[in-house]
Amino acid sequence: KRKDNYINDPKISCTQNTEYDFKSTNLTRGHMLGSSDRTVSQATNDQVFYKSNIGPQLQNGFNTGGGVWNNCEDWVDTQWKGQADTTYQVIGCYWENESKKVNGTVVPTHYYKVLLRIKNHVNKWVVECSRDELQCVAICFPHNSSNGGTKPSQYVAKGFVMSVADLEKKIPITLPTGGYRHVCVGRPQAV
């Protein structure tokens with residue numbers, strides 16, 4: 001069960017701040033990986049409340065009820081249900097030429113998800129699959145309230161869906177997607 005017990009990640013020794021003045025900032029403690037994605041045991045659900053999995057997210061229009069991030073979490077929970085035994089997610093945020101601070105925490109300008117799955121229930125580990133056996137997509141949202149109510153069917157038209165390679169151009173890291181980069185139509189390409 002979800003306990004909402006936000007605690008420091010025991011494997012990280014730096015300061016982990018998730019205390020925001022909710023009333024004056026409209027920020028909430030937003031999960032990177034949602035609680036509903038980790039229900040196999042109490043211990044795994046407790047881990048999504050580690051502060052290392054929390055980011056300052058705008059409450060209205062982004063995180064809660066009908067917000068673009070909230071809608072994306074719901075979509076991920078149902079999109080590939082029954083299509084694969086495992087969906088791999090790389091979730092993060094980044095800062096683009098902006099450094100708005102709230103209570104000592106720099107608020108991200110964007111949040112993203114990279115999703116990877118094996119198609120057609122192929123009985124292999126993801127690293128053993130060919131590119132034709134994988135499906136991958138990157139979804140990136142500007143962190144603002146203007147996209148509240150945006151449905152997943154609108155992601156492509158609004159420019160939120162992109163290849164992993166295009167997302168990597170925006171952020172200073174290489175994402176671990178099993179050695180494949182993807183164009184959004186479902187055809188991964190070897191790196």
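## Starting with a helix

Helices here are DSSP runs of at least four residues, labelled H or I and numbered from the N terminus. Helix α5 covers residues 164–170, and Val164 is found in it. Keep in mind that you're looking at a predicted model.

Is Val164 buried or exposed? Its relative accessible area is 1%, and the cut-off for buried is under 20%, so Val164 counts as buried. Now find Ile139: it sits 25 residues away from Val164 along the chain, yet their C-alpha atoms are separated by 8.8 Å.

On average, the protein has a pLDDT of 81, and 83% of the residues score at least 70. Strand β8 (residues 161–162) has the highest mean pLDDT of the elements, at 94. At the other end is strand β10 (residues 187–190), with the lowest mean, 33.

The stretch to be careful with is residues 178–191, where pLDDT stays under 50. The model does give this stretch 34 contacts beyond four places in sequence. Still, where pLDDT is low, the predicted coordinates should not be read in detail.

In soluble globular proteins, nonpolar side chains tend to be buried together. Here the largest nonpolar core has 25 residues, and those with the most contacts inside it include Phe62, Trp75 and Tyr155. At least two residues of this core come from each of β2 (54–58), α4 (68–79), β6 (110–118) and β7 (134–142). The top contributor is α4, which gives five residues.

Leaving out residues up to four places away in sequence, Tyr155 touches Val68, Asn71, Cys72, Trp75, Ile139, Phe141, Thr150, Phe160 and Val161. There's also a second, separate core of 16 residues, with Tyr112, Leu116, Cys129 and Cys140 among them.

## Three salt bridges

Side chains of opposite charge can pair when their charged atoms come close. How many salt bridges does the structure hold? There are three. One joins Asp4 and Arg2, whose closest N and O atoms are 2.5 Å apart. Asp4 is partly exposed at 40% relative accessible area, and Arg2 is partly exposed at 48%.

Another links Lys124 to Glu133, at 3.1 Å from N to O. Lys124 is partly exposed (36%), whereas Glu133 is buried (18%). Back in helix α5, Lys169 and Asp166 are three residues apart, so about one helical turn separates them. They form a salt bridge too, with 3.5 Å between the closest N and O atoms. Lys169 counts as exposed at 68%, while Asp166 is partly exposed at 35%.

Methods: Residues numbered from 1 in each chain as written. Predicted model: local features only at pLDDT ≥ 70, side-chain atom pairs only at ≥ 80, totals over all residues. Heavy atoms only, no water. pLDDT = per-residue confidence, 0-100. Contact = heavy atoms within 4.5 Å. Core = buried A, V, L, I, M, F, W, Y, C linked by side-chain atoms within 4.5 Å. Buried < 20%, exposed > 50% of the residue type's maximum accessible area, 1.4 Å probe, protein only. Salt bridge = Lys/Arg side-chain N within 4 Å of Asp/Glu carboxyl O.
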